[in-house]
Amino acid sequence: MPLPRVLSGVQPTGNLHLGNYLGAVRNWAAGQDQYENYFCVVDLHAMTVPHDPKNLAAHSYTVAALYLACGIDPHKSTIFIQSHICAHSELAWLLNCITPLNWLERMIQFKEKALKQGEDVGVGLLDYPVLMAADILLYQADQVPVGQDQKQHLELTRDIAQRFNFLFADPEQPVLKIPEPMIPQAGARVMSLTDGTSKMSKSDPSDMSRINLLDPPDLIEKKIKRCKTDPVRGLWFDDPERPECHNLLTLYQVLSGRPKAEVAEAVREMGWGQFKPLLTETLVEHLRPIQTRFAEVMDEPAYLESILAAGRSRAEAVAQTTLGAVRAAMGLSRPL
Ligand code: AQP
């Protein structure tokens, strides 16, 4: 029996943060033996918001190196850069032609990010979910491991695939596989350190709102010391009146690997002055091996390039097979 296939990616819009790690990359690494894995750096997505061409390529390499540092094993997983495979853009165009505009206008991420861009908002931002659908459907992925924020885009991917199959495929022989979301139970939505009601995000203008995977220990200590808390004595999970408390306890629980009930009991009587150093130490110790491995990978550019080249060639073969089937189903002529 072939293993179920997974596909996921992160945008190189900056350094990865704890949300990207706990919502996505850590779970990719943990599931590598159970799946056939494709993990890409989605650089074309990073262009849907204003970007600096001087550092896009470097950021893509940084994110690929972070995948390796977080435990993605190139012998078990195919790692590649999205824009190196033209089939992503081509399939996105073909899917654009069957995606109703109002499906895209409903997307929460578009509405939120468009507000920030005002009149300059580009078509690419509206079209982001179609490109994401192309990424996933090209690889005929069974499962897509993502954080909670991407659930709506995944539902759209499923709708687009179903519409495509309905319009162009024999019901007995669908061309595109309908993927399932794979959202972790804890860490699916890591919240900002400065506001427990909004998600931790690379595009938040304040660096104090997030822990980046490459933050040095003294910066982590400073961010946790200054992060938003409340004046209540005692700490507990799941209180909607205390979103920051729930978020910080969840971070500690997930990173320490201790069961939730055990953590709840241990922190019940604690104040922030006692809990924050504990969280800081857990974060620093968890990130230390990732940072060490990252430095080693970045010291050997030829190694990273060889992994990306091998990944590209494996991914390209799968992508071209799907693209060929889609082109044929839509009635395009065969390239001569
Ligand atoms: N706060 C979060 N909690 C849990 N998971 C998260 N993810 C992102 N933020 C959180 C997951 O990380 C993966 C990659 O995300 P992305 O880089 O493609 O873009 P994003 O979802 O828009 O993440 P950011 O960091 O907030 O980037 P910007 O600010 O550039 O848009 C996805 O699986 C996502 O679910």
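Q140 sits in the loop that runs between α6 (123–138) and β4 (143–145). In this predicted model, Q140 has a positive phi of about 50 degrees, although it is not a glycine. A second residue of this kind is D238, with a phi near 65 degrees, again a positive value in a residue other than glycine. D238 is found in the loop between α8 (217–226) and α9 (243–256). As background, most residues other than glycine have a negative phi.

**From D238 to the helices around it**

K260 belongs to helix α10 (residues 260–267) while D238 is in the loop between α8 and α9, so the pair ties together parts that are 22 residues apart in sequence. K260 is partly exposed, with a relative accessible area of 34%.

Helix α9 holds T250. Is T250 buried or exposed? T250 has a relative accessible area of 15%, so it counts as buried, the cut-off being under 20%. Leaving aside neighbours within four places in sequence, T250 is in contact with G187 and F237.

**Salt bridges**

The structure holds 19 salt bridges in total.

| Salt bridge | Closest N and O atoms |
|---|---|
| E262 and R258 | 2.8 Å |
| E296 and R293 | 3.0 Å |

In the pair of E262 and R258, E262 is partly exposed at a relative accessible area of 39%, and R258 is partly exposed as well, at 26% relative accessibility.

The pair of E296 and R293 lies within helix α11 (residues 272–298), where the two residues are three apart, about one turn of the helix. E296 counts as partly exposed at 41% relative accessibility, and R293 counts as partly exposed at 31%. Elsewhere, salt bridges that share partners join D207, R210, D215 and K223 into one network.

**The ligand and its surroundings**

Now to the ligand. Which residues come nearest to it? Of the 25 residues around the ligand, these are K113, D149, S201, K202 and S203.

A polar side-chain atom of K113 lies 2.3 Å from a ligand oxygen. For S201, an N or O atom of the side chain is 2.6 Å from an oxygen atom of the ligand. With V190 the backbone is involved: one of its polar backbone atoms is 2.8 Å from a nitrogen atom of the ligand.

How much of the ligand does the protein cover? On its own, the ligand has 640 Å² of accessible area, and the protein covers 98% of it. Among the contributors, α1 provides the largest share, with four residues.

What does the shell look like by class? Around the ligand there are seven nonpolar, 13 polar and five charged residues.

Definitions and conventions. Residues numbered from 1 in each chain as written. Predicted model: local features only at pLDDT ≥ 70, side-chain atom pairs only at ≥ 80, totals over all residues. Heavy atoms only, no water. Buried < 20%, exposed > 50% of the residue type's maximum accessible area, 1.4 Å probe, protein only. Contact = heavy atoms within 4.5 Å. Salt bridge = Lys/Arg side-chain N within 4 Å of Asp/Glu carboxyl O. Near = heavy atom within 4 Å. Polar contact = N/O pair within 3.5 Å; in protein donor to acceptor, adjacent residues only side chain to side chain. Areas by Shrake-Rupley, 256 points an atom, 1.4 Å probe, with all protein chains shown as cover. Nonpolar A, V, L, I, M, F, W, Y, C, P; charged D, E, K, R; others polar.
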